[in-house]
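Trainee: I have a structure open and would like to go through it with you. Could we take it a piece at a time?

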Amino acid sequence: MNRTFLILSFLLLYISQSLQAEVLPAGNQPDSVYLFSYATSKNSNTNGLHFAWSINQEDWNAIGPEMRFLFCDYGRWGVEKRMITPFVFHTKDGMWHCVWSLNEHTGTFAHAESVDLIYWYPQTYPIVMQDNNCLEPEVLQRTDGKYTVTWLSTANGVKKAYGVTTPDFKNYSPVNETALSDRLNQRRKIQISGNIETGTVQKAAWQLVEGLLNKQKMNAYRDQQWSENAKSDSLRFASLKNLDATITIDNSKSKKISDLLVGVFFEDINYAADGGLYAELIQNRDFEYSLSDKEGRDKSWNSSKAWRLNGNGITFSVDSVSSIHPNNSHYAVLKIGTTGSGLINEGFNGIAIKAGEKYNFSVFAFNPDKKSKNLLVRLIGKNGENYGETKISVNSARWKKVETGLIATKTVTDAQLEIVPQSTGTIALDMISLFPENTFKGHKNGLRADLAQAIADIHPRFVRFPGGCVAHGDGLANIYRWKNTVGPLETRKPQKNLWGYHQTAGLGYFEYFQFCEDIGAVPLPVIAAAVPCQNSATGGAGQQGGIPICDMDTYIQDIFNLIEWANGDVKTKWGKMRAEAGHPKPFKLKYIGIGNEDLINDIFEERFTMIYKAIQEKHPEITVIGTVGPSFEGTDYTEGWKIAAKLNVPMVDEHYYQSPGWFIHNQDFYDKYDRSKPKVYLGEYASWGSTLYNALAEALYLTSLERNGDVVSMSSYAPLLAREGNTQWNPDLIYFNHTEVKPTVCYYTQQLFGQNAGDLHLTGNVKISENKDEIRKRVAISAVRDSKSNDLILKIVNILPVAVNTQIKLEGTGELYPTAVCTVLTGAPNDKKARPVTETIAVSKDFPYNLPAHSFSVIRIKTTNK
Ligand code: AHR
């Protein structure tokens, strides 16, 4: 929203209401009241800014009382998003401002401003103190129009006051110490809802306060709608009887919709990559796990994690003096005094093997003592059972890769790998790897076949990778750099995973692109907009100023290099590298996401604009997808859209995780989108839960995405994968363990939409025997045509607890085949195990179809339409 426009609209509203008030008095309302702004200490001060109003400064009315009008977005998720001692003030230009303290130790305060106290412009966090804190900030508006911000700092237990001046809360003078007595000390203590709260009191126009009250009422109303769920539905519709409906589809009225609508979002969260889709069976194969991966919280998470010795007469240490490559500095050294003992890897909580299947073992090794050695490599059980073995010889005094294969003799889920030196002396080992021969499509360094197949079965039109927050990383140093993930495995750069574990980069850009090609999906890499995750906590907090502007050319060049690596001829530098990795043909990269739900502020805008313009100029063939924050509303959403519209970015990435009720009540979300603005990639969404009710709420919403397939070009449920026992985020689309793939019911919604996509949307209409809003919102249809097959595909969702007897009328179609394939997903609303069932049904241009209660039906009709 344009700020001047907002201010003007607000003033106009104010003036028109005042004029109205003069002509037509609206009851007995005050011109102005007192407004108390405060933050409570609840939830470690993370509840944000609250308001209360009073006519006499004695009797106070809380707005809410738990309604937060401004939420602090500084630092790591959860406990760091604190608003302490907010100081709200009103400036002569009509703006409201709020400054607050963030914590007890950082030399930073926060600032945000607003016209109406409801919509707040981006927050800033100026760093004003080094090695000292910044408490109780307050602001004085000076006669020269500038502002003086002062605060208290308490390093070494000595309380001092400091201050800066600023004309605009963007540029600040150097810090000066100031007298404690110069402070305004305007904060007051007021009893609100029985508690004493500290804050500031200002006079405010009644219209402004009424706006706050209306906003609160509206939020309460929508919260009530969005909290509707299977349980409340069962009460709401307790007396509802089966309904009748007529569904009319007009084949002659169609519009083109995106043929990329359903894709997948892959992020290395929940052990989705190492220990998940990436088929490597050895954990910490490169000895690069580090205490810092988990910020020192887990002392066992170090370079020898998952490794141990079996037996005596042998020592195991991790060294870094003669690394294979600077990116992979650690390796194991075994000093063998007596033979018979070995080094064991436990895999990812055990190694799952299948009797009769081949496993490919490889290792980089050398003999520091220059004495050749044989190694016995075997799969063993917990009690030393032998599940298959082989031998290798290490005869080099320099790093050398040795490879072999072994056949498993038993099917178990908890095998371990043991390497047993057959002679005494010293040996160095690194990149100790074991892959099943049977990877997806048989690739070396490949993917776990069953998981990859489950993804392929969705028939996703695109794969987004490598995240999510992993793409922009925990701090500047953790931003995901594609170049670190390609080339020989031993040269790739592993790093801490933002989700609190380790990424080997074994599943890197080459493997992602290859997977896309294997499953016929468009690759969609997402690259950080030169800012790290706004929830970062490593190396500072939040965006940390972004990549320095002087380094932006190099950063942008890396993106150009990616485009050349993916699409360039084998004669180009980067195209050659792709060819050397085994893929001379280009990968057909067409889309690149820049940014992931970032905090949209000046730091972001400057960098995003540089990247976007550079790609647009040098590679107009690439569609850049921008980012508009982590929500369907709020500052990042509004400001992100503003930037995208200003720059004419072709598409933006929207994210929202919400209740099923939200999805039921927002099916018109895109109906109102301006078709002349950027298109939408709904890059992350899911309803909270994995029951049939969730799957149906998502199916309802997906019918609305198909209807709006002219503006919504892509969508992906998130996250995709989660390893049981290593899950940081719920719900996910597919859970798994060593051997099993466990798709959720929501997976089948994605699959039914993915497998039954169309490129033309047909006008459709549902008329239900009971014409109530709450009923109409719970029955949805979408009719699409797939112009390749000529199939007419009807998707019908009924989230009501009663059946709906429908009569389906197909107008303007060519000849229909008399039978159609009908797939139905139905069950009890809390069912987590419902699966689609397919049958053949008779169809015609006017046929009856009974929609079961709580069901999603897909009817695929063959036609002779041209
Ligand atoms: O999908 C999980 C996380 O949700 C993603 O990493 C992030 O983009 C979003 O906050």
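Mentor: Let us start with Ser-690, which, not counting residues up to four places away in sequence, touches Pro-731, Asp-732, Thr-744, Val-745, Cys-746, Asp-831 and Lys-832. Please keep in mind throughout that this is a predicted model.

Trainee: Where is Ser-690 placed, and is it buried or exposed?

Mentor: Ser-690 is in the loop between strand 33 (679-687) and helix 13 (692-707), and it counts as buried because its relative accessibility is 14%, where buried means under 20%.

Trainee: Which other peptide bond is cis?

Mentor: One from Gly-64 to Pro-65 is cis, with omega near 5°, and Pro-65 is found in the loop between strand 3 (61-62) and strand 4 (84-90). Most peptide bonds are trans.

Trainee: Back to cysteines, then: how many disulfides are there?

Mentor: The count comes to 0 disulfides. Cys-134, for example, is in no disulfide, and the nearest cysteine sulfur, that of Cys-72, is 13 Å away. Cys-134 is buried as well, with a relative accessible area of 0%.

Trainee: Changing topic, how do helix 10 and helix 11 cross?

Mentor: The axes of helix 10 (residues 602-618) and helix 11 (residues 635-647) come within 12 Å and cross at roughly 30°, and the two helices are therefore roughly parallel to each other. Their crossing is right-handed.

Trainee: Which residues make that contact?

Mentor: From helix 10 there are Phe-604, Glu-605, Phe-608, Thr-609, Tyr-612 and Lys-613, and from helix 11 there are Ile-643, Lys-646 and Leu-647. By class, the contact has 5 nonpolar, 1 polar and 3 charged residues.

Trainee: And Val-649, where is that, and what is it in contact with?

Mentor: Val-649 is in the loop between helix 11 and strand 32 (651-658), where it is buried, with a relative accessible area of 1%. Leaving aside neighbours within four places in sequence, Val-649 is in contact with Phe-608, Tyr-612, Val-624, Gly-626, Ala-644 and Pro-678.

Trainee: Is helix 7 mostly covered or mostly open?

Mentor: Helix 7 (residues 509-518) is mostly covered, with 8 of its 10 residues buried, among them Tyr-509, Phe-510, Glu-511 and Cys-516. What covers those buried residues includes helix 5 (449-456), strand 26 (462-465), strand 29 (522-527), helix 8 (552-567) and helix 9 (573-580). Just after helix 7, Gly-520 takes a positive phi of about 70°.

Trainee: Which residues have a positive phi although they are not glycines?

Mentor: Asn-43 and Asn-185 are examples, each with a positive phi of about 50°, whereas most residues other than glycine have a negative phi. Asn-43 is in helix 2 (residues 42-45) and is exposed, with a relative accessible area of 55%. Asn-185 lies in the loop between strand 10 (176-178) and strand 11 (188-192), and it counts as exposed at 56% relative accessibility.

Terms used. Residues are numbered from 1 along each chain as its sequence is written. This is a predicted model: local features need pLDDT of at least 70, side-chain atom pairs count only at pLDDT 80 or more; totals for chains, interfaces and linings use all residues. Side-chain values use heavy atoms; hydrogens and water are left out. A disulfide is a pair of cysteine sulfur atoms within 2.5 Å. Buried means under 20% relative accessible area, exposed over 50%, partly exposed in between (1.4 Å probe, protein chains only). Axes are lines fitted to C-alpha atoms, for helices over the stretch in contact, and angles run from 0 to 180 degrees between N-to-C directions. Helices (H or I, at least four residues) and strands (E, at least two) are DSSP runs, numbered from the N terminus. Angles under 35 degrees count as roughly parallel, over 145 as roughly antiparallel, 65 to 115 as roughly perpendicular and the rest as oblique. A crossing is left-handed if the near helix is turned anticlockwise from the far one by less than a right angle, and right-handed if clockwise. Contact means heavy atoms within 4.5 Å. Ala, Val, Leu, Ile, Met, Phe, Trp, Tyr, Cys and Pro count as nonpolar, Asp, Glu, Lys and Arg as charged, and the others, Gly among them, as polar.
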